[in-house]
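Please read them with the structure open.

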Amino acid sequence: MSATPITAKPVTAKPTTANLPVAPIQRLLRDPRHFQIAVLSSLLAWGVVGLGLEVRPAAGVVILAAALATQWAGTRWVRWKTGIDLRFEPRSVMISVLSLTLLLRTGSLAVAALAAFLTIGSKFVVRWRGKHVFNPTNFGLAAILLATDNAWVSPGQWGSAAAAAFAVACLGFVVVRRAARSDVTWAFLVFYGGLVFGRALWLGDPLAIPLHHLSSGAFLIFAFFMISDPRTTPDSRAGRLLFAALVAAGAGYVHFVLFQPNGLIWSLAALAPLVPLIDLLLPGRRYHWPARARAALSRVLPVTAVEPASLERSAP
């Protein structure tokens, strides 16, 4: 009698969330930069159409062209320096372009182009252990304000109407929640708000003065879109709270002791170099964008080598 051969049934792995295809809309929702671009674009359109902001179309085009060209040159420079072939990444560029267009005012197209070059170039040049030292937009604004008298930031733009401030704050809150850095924004608002209201109470000023100060569009854009940049804030929550307190105190010193404008910009630019020290004293998990750079890097390096730290060093 011959034995009946036994054939093993093929075992198919059950689908898991790790190997299921990701819908395009889910890929969009995973990256907070898409929210930032959408919100900043909406703010710009609303400001131009609804509030009549004096935004020169030519200046916006020049800023965009100069920023994209600098990003392209920077990626080629990284390729030449490290041998890693990085893809051209336009999303962070668009965030900086929109922020510059919203905040920077100048009568010179050359100055606008230089501001864009300094903004994007700082990402590739001023780095420490794979991390940006300065928020790119903040660096570009501070550098161009120092370099020329033909550039300024209008703190009163967007007006101080409660509806405008509420809209900007709510849209910004969506962004910082997606970027996992809402703690630094709320801490800064608490520290700086306490400083402004405390000064008003000390001097006997009406509360309308600090409310007007805190409801300007430039202030809210700074709090929700600039200081909350996950690539330039400290890694740990304790470090971010400390950093927010320092920036608030520095801005208050510029505004109320030196009596100079743009205290927020100067404070963040001056204190940003302290972030590496804060990360050393209060270490935490490094944030990295869920970008294509990880996939691109995995094609030229072993999988075990594609760690967040190496990715940060290689993908501005």
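1. Phe259 lies in the loop between α11 (237-256) and α12, in what is a predicted model. Although Phe259 is not a glycine, its phi is positive, at about 55 degrees. With a relative accessibility of 60%, Phe259 counts as exposed, because the cut-off for that class is over 50%.

2. The loop between α11 and α12 also holds Asn262, another residue that is not a glycine and yet has a positive phi, here of about 60 degrees. Is Asn262 buried or exposed? At 18% relative accessibility Asn262 counts as buried, whereas Phe259, at 60%, counts as exposed.

3. The axes of helix α6 (residues 136-147) and helix α12 (residues 263-271) come within 9 Å and cross at roughly 110 degrees. Angles of 65 to 115 degrees count as roughly perpendicular, so this description applies to α6 relative to α12. On the α6 side the contact is made by Asn138, Leu141, Ala142, Leu145 and Leu146, which meet Leu264, Ile265, Trp266, Leu268 and Ala269 of α12. By class, the residues of this contact divide into nine nonpolar, one polar and no charged.

4. The largest nonpolar core has 62 residues, and those with the most contacts inside it are Phe188 and Tyr192. Helix α10 (residues 217-226) supplies the largest share of this core, namely nine residues. Leaving aside residues up to four places away in sequence, Phe188 touches Gly193, Phe219, Phe222, Ala223, Ile227, Ala244, Val247, Ala248 and Leu264. Among these partners of Phe188, Phe219, Phe222 and Ala223 are also listed as buried residues of α10, while Leu264 is one of the α12 residues that meet α6.

5. How many of the residues of α10 are buried? Ten of the ten are, so α10 is largely enclosed by the rest of the structure. The buried set consists of Gly217, Ala218, Phe219, Leu220, Ile221, Phe222, Ala223, Phe224, Phe225 and Met226.

6. As for the chain overall, there are 15 helices and four strands, and buried residues make up 47% of the 316 residues. Of the contacts with a separation of 6 or more, 77% are accounted for by residues 24 or more positions apart. The accessible surface of the protein chain comes to about 16,300 Å², of which 68% belongs to carbon and sulfur atoms.

Definitions and conventions: Residues numbered from 1 in each chain as written. Predicted model: local features only at pLDDT ≥ 70, side-chain atom pairs only at ≥ 80, totals over all residues. Heavy atoms only, no water. Core = buried A, V, L, I, M, F, W, Y, C linked by side-chain atoms within 4.5 Å. Buried < 20%, exposed > 50% of the residue type's maximum accessible area, 1.4 Å probe, protein only. Helix = DSSP H or I, 4+ residues; strand = E, 2+ residues; numbered from the N terminus. Contact = heavy atoms within 4.5 Å. Axes fitted to C-alpha atoms, helices over the stretch in contact; angles between N-to-C directions. Parallel < 35°, antiparallel > 145°, perpendicular 65-115°, else oblique. Nonpolar A, V, L, I, M, F, W, Y, C, P; charged D, E, K, R; others polar. Areas by Shrake-Rupley, 256 points an atom, 1.4 Å probe, with all protein chains shown as cover.
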